[in-house]
Each structure stands twice: as structure tokens, then as C-alpha cells.
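Hello,

Here is the structure I said I would pass on. My notes on it follow below.

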Amino acid sequence: MKRGADNLVARAQQRSRSWAKRLAPAAWLLGATSAILMLVMWPMTAIYLAVASLPTLAMALVDDDPERRGTLCVGALNFAGSLPFALLSLGGGLKYVPLTWGTAYVYAYLGAVVGIVLYFAIPFLLRRIVRVEEEREKRRLTERQEALVEEWGANVSSIKLDFSRSDEIR
Amino acid sequence: MAEGGENPTTRAPTGSRDVPLGERFKIRPGQTVMDLATPAAEAFVAVDQTQPDTACAALIARPEQLPRVSACSQIKGLNHVGGAKLLDHGPVDWPDGTRRYAMIYETPAGAALLRRNAAIQPIDARMLVRNFISPVAQMLAEYVRRGVAHRAIRPDNVFWYDFGQSKLIVGPCTAGPPGARQPAQFEPLELAICDPYGRGPGTAADDIYSLGATALALAMGRWPMADADDPAVIERRIEVGNWDALAGKYNPPFELYDFFRGTLADDPAERWTLPTLTKWLDGGRPTLPRITSFAKAREPFLFEGKLYRTGREIAVALSKNPSQATAAIRTGTLADWVRRALPDDIAAKKVQTMSLPESPAGRDGDPALVARICMALDPSGPIHISGIAVRPDGVAPALARAYLSARDTLPAYDSMFRAGLHLEWVSTQQAAQNPAGRTARKLSAYERLSRWAMEPVPGSGLERCLYELDQRLPCLSPLCIDQWVESPGDLLPAIDAAIADGDQKGFDRHIAAFMAARGAADETALKGLMGGAADEEARMASLRLLAHLQETYLVGSLPNLAAQCAVLVRPTLEQFQRISTKELIARKSEAAIGQGDLQALLSIVDDRVALEADKKGFDSAKNEYASASERLGKSDLVLLDRGRQATYRGRETATLATGSLALATFFGVLAAYLP
């Protein structure tokens with residue numbers, strides 16, 4: 001069961017890794033092109049987005065997850081907090097310039113903070129659950145062993161060593 | 001028979017309580033009957049409760065004496081004027097705490113007629129024939145019909161039948177082994193040579209010789225050769241013949257001349273038989289035996305400073321000096337002499353062949369070689385080996401005697417059986433056409449003796465030979481020697497009592513051999529009884545055997561034996577593993593031991609189904625315990641592994657959650673700030 005789960009995880013990691021590798025150059029190219037276009041066409045908005053995305057950048061630098069899930073978590077919410085203001089600014093529907101408007105940064109950074117919290121809290125919670133489950137299983141097994149000794153005597157815990165094939169093994 | 005109850009020779013009662021034998025007789029241990037007491041048995045007054053006027057005496061076998069139980073069964077109730085009437089017999093609980101064998105006889109009138117060194121008025125020949133020889137001959141005929149010989153006809157066992165002294169009777173014959181108390185004067189020569197306890201059951205022919213010798217003593221009014229001991233009597237009889245040795249210069253009455261010549265003939269084949277004697281008593285004139293003498297050598301054989309002229313003399317002399325006999329045989333002295341001087345060519349040839357160094361006669365050692373040489377020199381004599389002289393059909397009482405009081409002779413019996421001398425003796429008798437050759441009917445039993453003597457398994461050995469040869473012999477184990485144990489059923493209470501005394505523990509070779517001989521036990525069970533390295537199967541077999549005996553013979557409670565058996569089956573009990581089962585079995589076992597119920601004990605420990613279920617349960621529990629231990633041992637690794645998985649899945653979950661939340665945030669913020 002456990003071995004099956006391990007394989008699943010390994011396959012999933014392998015799959016993700018291969019997709020990421022394949023798409024990485026295209027993503028970089030697309031991102032760089034978009035950034036340059038944006039910097040040329042809407043410099044104020046582009047600078048806002050760059051400044052608002054600093055937490056994502058920081059997370060990308062310290063993220064130890066091979067699949068960059070920390071960056072994804074932080075980046076998704078960070079971007080979700082800054083992108084509406086950039087779009088509204090481009091569409092002219094915003095009274096303030098996002099680059100100089102604190103509220104636009106609050107949303108972006110707040111999103112980044114929530115992303116960081118979720119990224120660290122959920123695995124921590126699951127590990128806690130696993131530890132409690134394991135402690136409970138150990139207690140159950142120990143109690144069962146005590147019950148067996150009580151029912152059958154100390155002999156039940158003796159291990160009979162089989163030396164019949166020792167010569168072959170040697 | 002004496003009238004009026006108690007015999008005048010009894011002592012005053014000493015207050016001991018009466019000992020019952022069945023419902024009919026009561027024995028008074030305080031009142032002895034001196035006239036009937038012998039070295040083999042004490043005699044006490046007995047009371048017949050159905051006929052209080054009948055004077056009875058109980059012969060109580062002394063400790064370590066073995067009465068003729070089989071003969072008792074055969075002659076019980078035989079009412080004949082020639083002999084004392086045996087009214088009843090059986091083991092009784094004696095006041096000293098032992099169980100002894102009692103034989104109730106009608107008491108004769110007065111003391112024994114003629115003791116050694118005493119003298120009486122010679123009895124008239126006609127009266128002797130009418131009042132002694134004739135009734136005793138009729139009694140012997142009845143004994144023959146019942147398959148026993150009397151073997152105790154001698155002057156000090158002859159009594160007046162009544163106070164009127166009208167008839168004579170011979171006294172009890174069952175107090176000891178057949179012929180054991182017969183002086184050499186009153187035994188046929190070939191039996192007189194034997195050790196007293198090794199003379200065998202004998203036949204009517206032997207009784208007829210004893211009758212002739214006893215009649216001679218009564219006719220003379222004194223014992224023949226009264227001053228001579230047995231070896232001197234034997235030597236004299238070999239030298240000059242029965243008649244000259246016993247009668248000397250006595251001139252017998254004319255009426256008894258033929259009788260003495262017929263009954264005291266030197267050659268057993270010529271001696272009168274019972275029909276011949278009956279014919280003579282009826283007034284006939286039977287053929288008289290030819291006057292023969294032992295074939296004497298042309299020159300004497302010098303051995304140990306004495307000169308011998310007959311094979312029998314030399315055989316007896318050699319048997320008494322085994323080491324010198326071996327020297328005479330090995331050096332060829334004896335072979336040279338027999339070649340030169342012995343008239344019996346067959347015997348001479350045999351002795352010469354056996355004396356050769358490469359002869360197979362010497363394969364079993366010097367004692368067996370001497371025995372074979374003696375057998376060749378005296379074919380009708382007993383087996384002489386290492387100082388003992390027994391006939392194979394007399395081995396049982398002789399061997400019993402050896403176990404009881406002469407253990408130093410046991411190796412001689414062992415050598416005899418191992419060398420197969422008993423079989424060679426039977427062959428010799430058949431070849432010589434001796435009457436003793438009839439012993440061949442027991443040949444099959446004799447053939448097995450060697451195997452029993454040599455087999456190194458429980459239930460074998462000399463003890464097995466002993467109990468096989470005499471099916472009525474009680475068990476001679478020190479555990480129960482005082483309890484007269486005649487059947488395996490009697491054995492259990494005796495062992496239980498002995499264990500309670502605490503002085504003896506365990507089952508010895510006698511008990512094993514006794515059980516094996518009485519068909520009560522197989523080898524596996526005996527192995528368990530004897531302890532040692534017995535395996536579980538043997539231990540359980542022994543408990544099964546004891547439980548079976550307890551149930552079969554309706555033996556009561558045996559708490560001490562049950563306690564011993566608990567030790568025996570403890571290894572079996574320890575095979576149970578479940579603690580609650582062990583406690584339950586222990587409780588049940590204690591209850592069974594307390595009740596002395598071996599069958600209950602057996603049913604507790606011999607429960608194969610429960611044992612198998614316990615074993616399966618234990619194996620399952622062991623496996624469960626082991627897998628739990630394995631799981632606990634890997635707990636840290638498992639925790640680490642599952643933690644890693646939790647981290648991975650947590651991050652995935654966080655990614656999905658933040659993705660969803662990001663989508664919602666994006667549209668929420670967009671909606672909030674749209675103009």
C-alpha cells in the first residue's frame with residue numbers, strides 16, 4: 001500500500017518535472033516578451049506589477065520544493081491581488097495610479113502572505129495528523145503484545161532462530 | 001483326624017486378633033502349632049467357622065519363602081486318607097502389617113512320626129503296607145490326575161491320622177518349593193544332587209522313590225544314614241547304590257522286599273511306576289528291576305586329592321571346584337582319562353571333543369564349558385554352573401531364592417541362560433531318553449529365556465525369566481515384597497503404600513518384568529515407568545497402563561501413585577501454553593491426585609484435541625506478537641515516510657487551495673473596483 005503511494009508520488013513528481021522542463025523555455029520566452037512589451041507600452045503599470053510581485057520573487061529564491069509549489073502558492077495569490085488593479089488601470093477604470101496607490105500593494109502583499117501561510121500550514125497540519133495516528137498505532141500494538149503475554153506467557157515473545165540453512169547461507 | 005478342636009501342642013493365646021481367610025476360616029496368630037512348623041512356614045491354630053469341631057492349622061509362609069501356590073489350587077479340597085487335607089489357601093493380612101500366604105490344613109493327630117536322630121518302634125510290615133503305603137499310593141494317583149507331585153514324603157512329614165493310631169498320612173506339601181526340604185536320603189539321586197530349591201516340580205516317579213525311602217525308615221524305626229549330611233549321603237549312594245547306602249545291614253521283612261527293590265532301584269528307568277506299585281498293592285507280582293550299578297571306570301580319576309570312578313561322581317566333584325575343573329579340562333587331563341578309562345563311549349567322545357581348544361563348547365567362557373562337560377558326564381543330572389546345580393524346570397524357585405537371599409548366585413543363572421545351557425540340557429535328556437525329557441513341552445518357554453535374559457530393554461532380564469517360568473509367583477520387588485502381589489491389580493495398592501512410606505521410590509526391574517510377564521504392559525509403557533530418558537510417548541503409555549490397571553482391577557484410590565504419575569506427566573502438561581489452560585489443568589490434576597484417580601489424570605493430560613488447539617493458538621499468538629514487534633521496530637521509519645508524504649500532499653493541497661483562492665480573489669477585487 002505504502003509502496004504504491006510512493007510510486008504514485010514518484011510518478012507524479014516525474015511527470016510534473018518533465019512538463020516543467022519542456023515548458024520552461026517557452027514560459028521564460030513568453031514572460032520576458034510580455035514583460036518587455038508591457039514595459040514599453042505601459043511602463044507605470046509594468047513597474048507596479050514588478051514591485052507588487054516582489055514577495056513572489058523572494059519566494060522563488062528560497063523555495064526548496066522541486067516543483068516550485070511554494071512559488072506557485074505565493075505567486076498565485078500575489079498575482080491575484082495585483083492583476084485586477086493593473087487591468088483596471090489599463091482599462092482606465094481606476095481613479096488612482098496603482099504604482100502610487102497603497103491599497104493596490106496591500107491586496108498584492110496580503111495575497112502573498114496568505115499564500116505563504118497556506119503553503120506552510122497545510123503540510124504542517126497533515127504531518128501532525130500522521131504523527132498522532134502513528135502514536136495511536138504504536139500504543140495499540142504495545143497493548144496487544146501485553147495482552148498476548150498475559151494470555152500465553154512470556155514464551156510467546158521468544159524468537160525461535162532457525163539455523164537449519166546456516167551452512168548453505170555461509 | 002483329631003477331634004475336639006485345638007491341638008494339645010498349641011500355646012496359650014496371646015491376645016492377637018484373629019486373621020480371616022475368606023469367610024470360612026479364622027487364623028489365631030497367638031496360638032502356634034509347633035508340630036507343623038517348618039523352616040518354610042509357621043503354623044497357627046485356625047478355626048473353621050462352618051465346622052468348629054474340625055481341628056485346623058494354618059501354615060503361614062515365612063517372609064522370603066515361596067509356597068507352591070499352583071499346587072495349592074490343584075489339591076485344595078482333595079479329601080484322601082493318605083495325605084493331609086488342604087482346606088483353603090490364599091494371602092492374608094498378617095498382624096505385623098505384611099501380607100502373607102496362608103494354607104489351612106486339617107491338623108493331624110500328634111507330632112511328626114519320626115524325626116532325624118529319633119527312633120521309634122519299627123512299624124510292622126503288614127501294617128505299613130495297609131496303613132501307609134497303600135493310602136499314600138492312592139493319594140499319589142489322585143495327585144497325578146490333578147497334575148502335581150507331592151514331593152514332601154519323608155519320615156518327619158508323616159503323622160498319625162487319628163489318636164487311635166490306625167492310619168498314617170503324609171503332611172503338607174505346599175509350604176515351600178517342591179522337594180526343597182527333602183533330605184538326600186528321600187530324594188531320587190538325580191534330584192538330590194540339585195540345589196534344594198532347584199529340583200523342579202518332579203513327578204510321581206520321584207514321589208515313589210520318596211515313599212520307598214520313607215517306608216524303609218519307618219520299617220527300620222530310624223532314619224537311614226541319619227548321621228550323614230547330604231553330600232555324604234549322595235556320595236555313598238553313588239558309590240554303593242541306593243539300597244546298600246540306605247539300608248546298610250538292615251534285613252527287610254519278606255513282605256517288603258520287592259517293594260524296596262522296586263521303589264529304590266538305582267536306575268530311574270527301572271524304578272517302579274505308580275501303576276506297577278498299584279499292581280503290587282493289589283497282590284500282583286510286578287517285574288523286579290534288574291540289579292544294576294553305575295558304570296565304573298577302569299581306573300579312577302584323581303581330582304583334588306580324591307579318586308572318582310563314575311561320571312556322576314566326577315561331574316559333582318568338578319562342579320564344586322570350577323577353577324580346578326577348568327584347569328583339568330584345559331590341560332587335557334580329563335580328556336586323557338575319559339579316553340583311557342570311561343566305559344561310556346558317547347560321554348567320553350563328547351568330553352574329548354569339548355576339551356579341544358578350538359571347541360565351540362568353550363565359546364561362552366569357562367563356567368559354561370565346565371557345565372557342558374558335567375552334562376556330558378552325567379546326562380540325567382542337573383546343570384552345574386558356577387557352584388549352582390539346578391534343573392531347568394526348577395529354575396523358577398531357585399532363581400526366586402537367589403533374588404531373596406543369595407544374590408551372589410545370580411550371575412550363574414545369567415551365564416546359564418546366555419549360554420543356552422537350559423536348551424542343551426533338554427536336548428541331552430531327549431537324546432538319552434530320560435524321563436526328564438518330557439520337560440520338552442516347556443521347550444518354547446525355555447527358548448525365550450535366553451532372549452529375555454539378554455535383551456537390554458525394560459521388562460527383560462533375569463527377572464522376566466523368573467516371572468515367566470512361574471506364573472503364580474508374587475512380585476519380588478522391594479516395593480511390595482511384603483504384600484504378596486500376585487496380579488498387576490494387587491501391585492498398584494502395594495506400590496501406593498510403599499510410596500507413602502517414603503523409603504522406596506520408583507519402579508524397579510522386578511515390577512517391570514512382573515508386568516511384562518503378566519501381559520499387562522508393553523515395552524513402551526515399561527520404558528516410561530522406569531523413567532530415565534523416556535520420551536513423551538513412553539511416559540503417556542505408562543500412565544495409560546496404570547490407569548487401565550486401576551480401572552480393570554477395580555483398584556481404589558491411589559493418591560501417592562497419582563502424585564508420582566503427576567511427576568511423570570509434568571513434561572506433557574508443560575506443553576500447554578495458554579496460562580488459563582495451564583491453571584485449569586493444574587486445578588483438575590490436583591483434584592485427580594487428591595482422589596487418587598489415575599483415569600481422571602489421564603483424561604486431563606491425554607487430551608490431544610485440546611493440546612493441538614493450544615499449539616495452534618500459541619503459534620498464531622507468536623506470529624502476531626512477532627509481527628507487532630516488527631511493526632513497532634519500524635515505527636520511526638514509517639513516521640518519517642508518512643511525514644514526507646504528508647508534506648508532499650500538503651503542498652499539493654496548498655497549491656490547489658491557493659489556486660482556487662487566487663481565482664476568487666482576482667474576480668472579487670476586480671468586481672469591487674470596477675467603476
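Between chain B and chain A, about 4500 Å² of area is buried, with carbon and sulfur atoms giving 68% of that. Buried area here is the accessible area (1.4 Å probe) that two parts lose on being put together, summed over both. Tyr625(B), Arg651(B) and Tyr673(B) supply 16% of the area that chain B buries against chain A, more than any other three residues.

This is a predicted model, in which local features need pLDDT of at least 70 and side-chain atom pairs count only at pLDDT 80 or more, while totals for chains, interfaces and linings use all residues. Residues are numbered from 1 along each chain as its sequence is written, chains are lettered from A and ligands numbered from 1 in the order in which they are written, and side-chain values use heavy atoms, with hydrogens and water left out.

The contact (heavy atoms within 4.5 Å) involves 44 residues of chain B and 54 residues of chain A. There are 8 salt bridges between the two chains, a salt bridge being a side-chain nitrogen of Lys or Arg within 4 Å of a carboxyl oxygen of Asp or Glu. One of them joins the side chains of Asp65(A) and Arg651(B), at 2.9 Å from N to O.

On chain B, the elements that give two or more residues to the side touching chain A are helices H24 (579-595), H26 (608-633) and H27 (635-673). Helices (H or I, at least four residues) and strands (E, at least two) are DSSP runs, numbered from the N terminus. H27(B) gives the most to that side, with 27 residues.

**A sheet in chain B**

Chain B also has an open sheet of 6 strands, in the order S1-S2-S3-S4-S6-S5, with antiparallel pairing. Two strands pair if DSSP finds at least two bridges between them. S1 (19-21) and S5 (86-93) of chain B are at the edges with a single partner strand each, so one side of each has no neighbour in the sheet. S1(B) pairs with S2(B) (residues 25-32) over 3 bridges, and Pro20(B) stands opposite Lys26(B) in S2(B).

Regards
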